[in-house]
Amino acid sequence: MTENSSRIETPTNISLVSNIDQVLGSIEYKTVSVFLVLVICGVGIIGNIMVVLVVLTTRHMRTPTNCYLVSLAVADLMVLVAAGLPNISDSLAGTWVYGHAGCLGITYFQYLGINVSSSSITAFTIERYIAICHPMRAQTVCTVSRAKRIIGGVWIVTSVYCMLWFFLVDIHVSKEGHVECSYKVSRDLYLPIYLIDFTIFYVVPLLLAIVLYGLIARILFLSPIPNRADTATTLRKGDRSQKDKPGTQGGGGKSPNRPRTKGAVSSRKQVTKMLAVVVILFALLWMPYRTLVLVNSFMKEPYLNSWFLLFCRMCIYANSAINPVVYNLMSQKFRSAFRKLCKCQEEENQRRTMCMTPTSYSMVRDTVTASPEANGKKEEKRHEKRGKEVSFQNEQTVVKKDEELYFSVV
């Protein structure tokens, strides 16, 4: 009896929720929970798959920042599939249907996705800081190959760390006969784990993001240093080509360099704003669950209201589902890539090709038929020019002979 009560009082996981009251069995709760999970998880799964496909299939989208966004998308997919979808069967069946192996595996992938998503956010925050505040160092540090190595290291380290959950969860049968995937030991033993998890994967990333984005904002929005750096980089690339062009003074013309500088700065601002929004949403949407776990870890009787637990889970699922929407709204490159992936752009190109084909054919035909006449006119001009040259030479010869005759007579 004490063992069962200790299991029930453990801090709740994002999907491992005990049937602590009759609300979970009500029709209203089931209807709301299943509907919200289906909508949020459906949108999130489709959106994150599109992010992965867009970056992998579009060459100009393969940047270091987008590599981290792919890692974040895969982690969000893992959260939605491992945490969201089991809640549907849990709500409909009212019991755990995936057995002991499913309990261990689903719990493991839940925390793996959660922790990798937090680590990916930290990684692209550091990458943005280096790219904007240290542009010269970024040329060697912020590369696609290095980003792939960092992502691989993050996934390996986090996978090993999350193996701890294989020994902390187990199947539990309640008094009513409901099978649940719950915690194995007393919640007092989980306190150090939750505090470490809360510190490493929530507090530290947020504090680091606040500091680094503050420095980025000071450099990018308040200081002209990035403009000078971008101008210097553009001048180095364009000096040799601009020096030889007429009308430019030492390659310092206004028209070739300033538009590129303004475009680079505006592009950096756009990307930075988008990533900052992702971090803010991460902080806000994870706050209810993280606060609940932290508070319950110190309370004798944990707060486990079913509707509030549902709200916490929906916030987590929304955080994993909303990132592709943010990319689509705030990034023109992602928006155009999404459209191309949906084959909207291909249909437009086909229509343009069909409209342009007759015009181009008529132009080629006119050029071919007109070419003999043009060639004939060129030949006539050449003959006239040659005749004038010959007559001029003859006149010069006659004049020269007359002069020689004149001087000989004198």
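Mentor: Gladly! Let's begin with contact, which means heavy atoms within 4.5 Å. Asn319 touches Asp76, Leu281, Phe282, Leu285 and Trp286, leaving out residues up to four places away in sequence. The model is predicted, so local features need pLDDT of at least 70 and side-chain atom pairs count only at pLDDT 80 or more, while totals for chains, interfaces and linings use all residues. Residues are numbered from 1 along each chain as its sequence is written, and side-chain values use heavy atoms, with hydrogens and water left out.

Trainee: Why is Asn319 called buried?
Mentor: Buried means under 20% relative accessible area, exposed means over 50%, and partly exposed lies in between, with a 1.4 Å probe and protein chains only. Asn319 has 4% relative accessibility, so Asn319 counts as buried.

Trainee: What makes Phe35 exposed or buried?
Mentor: Phe35 has 53% relative accessibility, so Phe35 counts as exposed. Lys30 has a relative accessible area of 26%, so Lys30 is partly exposed.

Trainee: How do you know what counts as a helix or a strand?
Mentor: Both are DSSP runs, numbered from the N terminus: helices (H or I) have at least four residues, and strands (E) at least two. This chain has 12 helices and 2 strands. Along the sequence, the pattern reads α-α-α-α-α-α-β-β-α-α-α-α-α-α.

Trainee: Why is Arg128 called buried?
Mentor: Its relative accessibility is 11%, therefore Arg128 counts as buried. Arg128 is found in helix H4, residues 99-133. Not counting residues up to four places away in sequence, Arg128 touches Thr65, Ile216, Val271, Thr272 and Leu275.

Trainee: Which residues of H3 and H10 meet?
Mentor: On the H3 side they include Leu69, Leu72, Asp76 and Val79. Their partners in H10 include Arg313, Ile316, Tyr317 and Asn319. By class, the contact of H3 with H10 has 8 nonpolar, 5 polar and 2 charged residues. Here Ala, Val, Leu, Ile, Met, Phe, Trp, Tyr, Cys and Pro count as nonpolar, Asp, Glu, Lys and Arg as charged, and the others, Gly among them, as polar.

Trainee: What makes a set of residues a nonpolar core?
Mentor: The members are buried Ala, Val, Leu, Ile, Met, Phe, Trp, Tyr and Cys residues joined through side-chain atoms within 4.5 Å. The largest nonpolar core has 84 residues, and Phe334 and Tyr327 are among those that touch the most other members. Leaving aside neighbours within four places in sequence, Phe334 is in contact with Val51, Val54, Val55, Met61, Asn66, Leu69 and Tyr327.

Trainee: How many of the chain's residues count as buried?
Mentor: Of the 410 residues, 41% count as buried. Residues 24 or more positions apart account for 80% of the chain's contacts with a separation of 6 or more.
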